[in-house]
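Subject: Structure handover

Hello,

Here is the structure you will be working with.

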Amino acid sequence: MEQQGVILKGIGGFYYVETALGVFECRAKGKFRKERLTPLAGDHVTVTLREGQENTIDSISPRKNALGRPPVANVDQLLIVVSAAKPVPNPFVIDKLTAIAERKHIHPVLIFSKSDLASVETWVNIYRTTGYPVLLNTDLDEIRAILKDKCSALTGNTGAGKSTLLNALCPELELPTGEISEKLGRGRHTTRHAELFHVADGLVIDTAGFSSLDSLKEETPAPEELETLFPEFEPFLGQCRFTTCAHTGEKGCRVCEAVKAGEISESRYQSYLQLRQEAKDRLPW
Ligand code: ZN
């Protein structure tokens, strides 16, 4: 019987596909190997279910996007959980993630934990002009609404409270939290498979075991595309005096003027400059 479904996880050549009839263990057809196509968690697939025989994945729908680490496809949004207090977050790390997400057509969502009003205000000010949702980890209803019917990747630095947040949203998950369980978790997650969980009517990929904030490094953008990965730059692009303007302090640069006028946050602009420098340093001679 043919069914449509979504791959929740793949382990050792077996894929767990959720269909309208439930979750089924499936094998990928041999043709995918010839096509060098590996099914990923998040893939929308057609499967054939057979009574007493091996179920197969017959086709994989074209992907909206795919990440390498964690290996997952069709991610709609990246939830970046950031501790507003200790450990002190680095805006550059956040902005690198948002740029990488933009490049993959993944919407960034910022969620601040351990917040006090003063520290949160600083962050809200930085991201005010990006259009990204900026939420507190206590805004559970808003977060649930954002997760609904979407596939979300969750990332955040150690101690930012990803597991605490997931447990608050979905107590059935019973994810271990705190220092001791993080130590245990390191051993438990060594298989590095990606798995999608149902949370608040959406699918969420648990990034435990992936060095979360570093895991997207391989996806770093090229210097010339960076301007398009900062949505708040968009109204000013194409308006600089020089068509080749890199917005690094050139005469008649509209982006630089917008930074001075407070229409683009200084912190975000500094991240742009730093990302651009990193990208240039990586270019071949
Ligand atoms: Zn410019």
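Predicted model: local features only at pLDDT ≥ 70, side-chain atom pairs only at ≥ 80, totals over all residues.

The protein has eight helices and 13 strands. Of its 285 residues, 46% are buried. For contacts between residues at least 6 apart in sequence, 66% join residues at least 24 apart.

The sheet

Strands of a sheet pair through backbone hydrogen bonds, and the pairing can be parallel or antiparallel. Here, six strands form an open sheet with mixed pairing, and their order is 10-9-8-11-13-12. Strand 10 (134-136) and strand 12 (196-199) are the edge strands, each of which pairs on one side only. From one strand to the next, the twist averages 30 degrees.

Helix 2 (residues 91-103) lies across strand 8 (77-83), strand 9 (107-113) and strand 11 (151-156). Its direction is at about 175 degrees to strand 8. Helix 4 (residues 140-147) lies across strands of the sheet too, namely strand 8, strand 9, strand 10, strand 11, strand 12 and strand 13. Helix 4 runs at about 130 degrees to strand 10.

Helix 2 against helix 8

Two packed helices are described by the angle between their axes and by the distance between those axes. For helix 2 and helix 8 (residues 266-282), the angle is about 70 degrees and the axes are 9 Å apart. The two helices are therefore roughly perpendicular to each other.

Which residues of helix 2 meet helix 8? They are Pro91, Phe92, Asp95, Lys96, Thr98 and Ala99. On the side of helix 8, the residues are Ser267, Arg268, Ser271, Gln274, Leu275 and Glu278. The residues of this contact divide into four nonpolar, four polar and four charged.

Aromatic residues

A pair of aromatic rings is described by the distance of the centres and the angle of the planes. In the whole structure, a search finds six aromatic pairs. One of them is formed by Phe233 and Tyr272, and this pair is edge-to-face, with 5.1 Å from centre to centre and 65 degrees between the planes. Phe233 lies in the loop between strand 13 and helix 7 (254-260), while Tyr272 is in helix 8, so the pair ties together parts that are 39 residues apart in sequence.

Are the two residues buried or exposed? Phe233 is buried, with a relative accessible area of 0%. Tyr272 is buried as well, at 1%.

Tyr272 also forms a stacked pair with Tyr269, at 6.2 Å centre to centre and with 20 degrees between the planes. Both Tyr269 and Tyr272 lie in helix 8, three residues apart, which is about one turn of the helix. Tyr269 has a relative accessible area of 7% and is buried. Together with Phe230, the residues Phe233, Tyr269 and Tyr272 form one aromatic cluster.

Regards

Technical notes. Residues numbered from 1 in each chain as written. Heavy atoms only, no water. Pairing = 2+ DSSP bridges. Helix = DSSP H or I, 4+ residues; strand = E, 2+ residues; numbered from the N terminus. Axes fitted to C-alpha atoms, helices over the stretch in contact; angles between N-to-C directions. Contact = heavy atoms within 4.5 Å. Parallel < 35°, antiparallel > 145°, perpendicular 65-115°, else oblique. Nonpolar A, V, L, I, M, F, W, Y, C, P; charged D, E, K, R; others polar. Phe/Tyr/Trp six-rings, centres within 6.5 Å; stacked < 30°, edge-to-face > 60°. Buried < 20%, exposed > 50% of the residue type's maximum accessible area, 1.4 Å probe, protein only.
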